[in-house]
There are 2 protein chains.
Amino acid sequence: MELRRDPITQSWVIQEEGEGPWPQVAGCPLCPGQEALTPRTLYVHPYGTAEWQVRVIPHPRPIYRIEGDAQRRGEGLYDKMRSLGAHEIVIEHRNHNLPLSQQSDEHVAQVLRACTSRVADLKRDRRFRYVTLFRNQGTAAGQDLEHPHSQITATPFIPRRVGYELRSAQRYYELKERCLVCDILKQELMQQVRTVEWDDQFVAFCPFASRVPYETWVLPSQHHCAFEEDVVQWERQVHCARFLRSILRRLESVASSYHLVLHTAPNVNAKFERSGNWRTITEDYHWHFEILPVITTKSKSYSLKEVYYNSLAPETAAEELRKAGVEAAVKG
Amino acid sequence: MELRRDPITQSWVIQEEGEGPWPQVAGCPLCPGQEALTPRTLYVHPYGTAEWQVRVIPHPRPIYRIEGDAQRRGEGLYDKMRSLGAHEIVIEHRNHNLPLSQQSDEHVAQVLRACTSRVADLKRDRRFRYVTLFRNQGTAAGQDLEHPHSQITATPFIPRRVGYELRSAQRYYELKERCLVCDILKQELMQQVRTVEWDDQFVAFCPFASRVPYETWVLPSQHHCAFEEDVVQWERQVHCARFLRSILRRLESVASSYHLVLHTAPNVNAKFERSGNWRTITEDYHWHFEILPVITTKSKSYSLKEVYYNSLAPETAAEELRKAGVEAAVKG
């Protein structure tokens with residue numbers, strides 16, 4: 001397994017020659033009673049009991065490996081390196097059949113606590129440039145284990161889209177001395193056409209140039225660059241959990257599969273990749289969750305590959321999701 | 001229908017509120033005898049006969065519209081414009097059931113002639129910044145009409161990936177005074193591990209950082225920036241047709257669906273988007289076809305969204321495709 005850089009776009013591609021097999025087990029490897037299969041525990045709640053509620057383990061079939069260094073090197077014109085990094089699984093609940101959106105606010109807050117703890121820990125490893133958290137829900141989104149779980153990765157590079165975000169955020173800040181995302185939030189709250197839900201701490205809206213139908217972002221309404229430093233107090237974690245569950249329930253009423261990806265500030269050593277300095281990232285970058293539903297409709301027919309094509313206006317998506325909330329609340 | 005710019009990545013998204021219906025017809029709208037359904041003909045071969053062999057028409061359900069101007073404007077922080085452009089269908093053969101790869105070299109050369117003619121014509125329209133040709137083969141690649149056809153689009157913006165290519169090509173040229181793609185070709189022909197097929201005019205290889213299994217590029221071995229100016233002589237068109245057919249037959253032995261996309265130099269008025277001048281594009285840009293097979297394997301399980309993950313090494317892909325050619329030739 002290695003990382004190769006596209007000489008055209010300068011982005012990194014994970015290149016694997018065949019995939020390792022999943023450990024052969026009877027039943028779900030993430031269920032209680034199967035802990036012997038995945039002996040290393042990186043985080044557990046409650047601490048010191050076999051009756052865990054949330055558990056973080058190394059991925060049994062990792063795409064990044066934690067040992068050694070990146071060994072970045074050339075091959076003629078090309079660049080490659082080892083797939084150094086971390087790949088972890090956050091087991092969100094003991095119960096195999098209880099999806100995240102159906103768990104209690106307090107339980108989801110414990111999941112968020114596990115995530116902030118692991119992300120903060122990995123960010124201290126100076127070999128890594130970026131740490132993120134993502135969740136593939138449903139087979140169409142590539143969920144390969146039924147048991148409710150998220151994944152955490154740490155990589156020796158900054159992913160393409162995050163790199164663009166950092167650059168845009170920095171340029172806007174240089175021009176305006178304000179955060180781009182804070183200004184976007186202000187406009188969304190004023191226009192009230194793409195907003196889905198908001199309160200005094202969080203906002204959810206369908207972005208103006210949504211890439212897929214029902215794309216939704218969840219952000220803190222007060223500026224903060226890093227999820228793992230912002231969502232640390234218990235009350236804040238419970239609030240964030242309640243807000244996120246509400247958004248997921250809305251989305252699940254229109255799509256059974258989605259990708260959820262955390263965008264948080266890169267690791268401190270990544271500052272050297274930017275022309276500015278570290279201080280500006282804390283001021284110009286705004287952490288958020290991007291949720292991309294996987295909906296296969298006829299609209300896929302225009303697969304232009306180079307241009308995103310979205311068959312549903314975000315204004316309409318937001319309107320549907322605002323209504324979906326009411327129905328979900330009534331049903332629940 | 002409008003175009004909206006993502007404030008983060010600066011790329012344009014086509015935003016449509018519902019899709020127009022296909023014209024209700026009995027049978028295939030692209031077959032001979034149905035010409036009354038699509039009366040406007042933009043190109044036909046042979047000229048002046050009802051017994052056409054290749055025909056280009058406006059797309060009956062276009063995503064870009066040719067009338068008027070772009071009306072680029074702001075909405076607070078955001079940017080949008082009309083989906084100005086052209087969207088055409090190249091009907092590749094009278095025969096509904098004869099895929100491109102099974103047509104004769106001379107017939108495919110006529111298809112290429114139709115394409116170069118239409119691309120060159122659209123490039124003269126100064127409202128457009130980029131013209132391209134693409135082909136969705138198979139339902140998994142979004143082919144919505146069974147009849148063999150390609151599509152041509154002209155857009156008032158340069159697509160994201162092409163923009164990165166132009167920038168990389170320009171930077172490399174500034175550094176080396178050589179074309180990046182020419183240097184890549186030289187290395188590929190020397191290493192002989194990712195090359196699929198080559199002769200005195202064209203080269204096909206699986207790129208070093210392939211985004212999907214069996215990704216294949218087809219390029220002229222002599223430097224040229226623009227397909228529509230390079231493949232104009234009949235002998236060259238026949239040669240290109242024969243080469244392309246051979247590659248498609250190899251790919252069809254491993255994947256039933258693929259996207260084929262032409263990357264050619266942008267329109268002349270797009271030069272103002274670059275810090276350099278027009279002259280450098282002709283020297284630093286190298287036209288090519290990118291072919292992206294659509295293969296849904298278990299490897300999709302790692303949908304990291306922000307990072308490409310490819311489960312098959314391009315060296316292995318190229319080896320298989322080189323062998324596939326032998327078998328296809330034997331079968332044919």
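Two strands pair if DSSP finds at least two bridges between them, where strands (E, at least two residues) and helices (H or I, at least four residues) are DSSP runs numbered from the N terminus. The model in these views is predicted: local features need pLDDT of at least 70, side-chain atom pairs count only at pLDDT 80 or more, and totals for chains, interfaces and linings use all residues. Residues are numbered from 1 along each chain as its sequence is written, while chains are lettered from A, and ligands numbered from 1, in the order in which they are written.

**View 1. Strand β13 of chain B and its two partner strands, β8(B) and β14(B).**
Strand β13(B), residues 258-263, is mostly covered, since six of its six residues are buried (a residue is buried if 20 or more other C-beta atoms, placed from the backbone, lie within 10 Å of its own, exposed if 12 or fewer, and partly exposed in between). Y258(B), L260(B) and L262(B) point one way from the strand, whereas H259(B), V261(B) and H263(B) point the other way. This can be read beside a general rule: in a regular strand the side chains alternate between the two faces of the sheet. Strand β8(B), residues 130-137, runs antiparallel to β13(B) and is joined to it by four bridges, with N136(B) standing opposite H259(B). Strand β14(B), residues 288-293, also runs antiparallel to β13(B), here with six bridges, and H263(B) stands opposite H288(B).

**View 2. The open sheet of ten strands in chain B.**
The strands follow the order β3-β4-β7-β9-β8-β13-β14-β12-β11-β10, with antiparallel pairing. At the edges stand β3(B), residues 43-45, and β10(B), residues 195-198, each of which pairs on one side only. Neighbouring strands of this sheet are turned against each other by 20° on average, direction ignored (axes are lines fitted to C-alpha atoms, for helices over the stretch in contact, and angles run from 0 to 180 degrees between N-to-C directions). Within the sheet, β11(B), residues 202-205, and β12(B), residues 216-220, run antiparallel and are joined by four bridges, and F205(B) stands opposite W217(B) of β12(B).

**View 3. The open sheet of ten strands in chain A, with helix α5(A) lying across some of its strands.**
In chain A the strand order reads β3-β4-β7-β9-β8-β13-β14-β12-β11-β10, and the pairing is antiparallel. Because β3(A), residues 43-45, and β10(A) stand at the edges with a single partner strand each, one side of each is left without a neighbour in the sheet. The twist from one strand to the next averages 20°. Strands β8(A), residues 130-137, and β9(A), residues 149-155, pair in the antiparallel sense over five bridges, and T132(A) has T153(A) as its bridge partner in β9(A). Helix α5(A), residues 234-252, lies across β10, β11, β12, β13 and β14 of chain A, and runs at about 170° to β12(A).

**View 4. Helix α3 of chain A and its buried face.**
Helix α3(A), residues 180-191, has twelve residues and reaches 17 Å from its first C-alpha to its last, close to the 16 Å expected at 1.5 Å a residue (the expected span is 1.5 Å times one less than the number of residues). Its buried residues are L180(A), V181(A), I184(A), L185(A) and E188(A). Seen down the helix axis, they fall within an arc of 135°, so they line one face of α3(A) (the arc is that of the directions from the helix axis to the C-beta atoms). The elements that cover these buried residues include α2, β10, β11, β12 and β14 of chain A, where two residues are in contact if their C-beta atoms, placed from the backbone, lie within 7 Å. Just after the helix, Q192(A) takes a positive phi of about 55°.

**View 5. The largest nonpolar core, with L112(A) among the residues that have the most contacts inside it.**
A nonpolar core is a set of buried Ala, Val, Leu, Ile, Met, Phe, Trp, Tyr and Cys residues joined through C-beta atoms within 7 Å. The largest one has 84 residues, and those with the most contacts inside it include V90(A), C115(A) and I247(A). Helix α1(A), residues 105-123, gives the largest share of this core, eight residues. Not counting residues up to four places away in sequence, L112(A) touches V231(A), Q237(A), C240(A) and A241(A). Apart from this core lies another, of 83 residues, among them V108(B), C115(B), L133(B) and L321(B).
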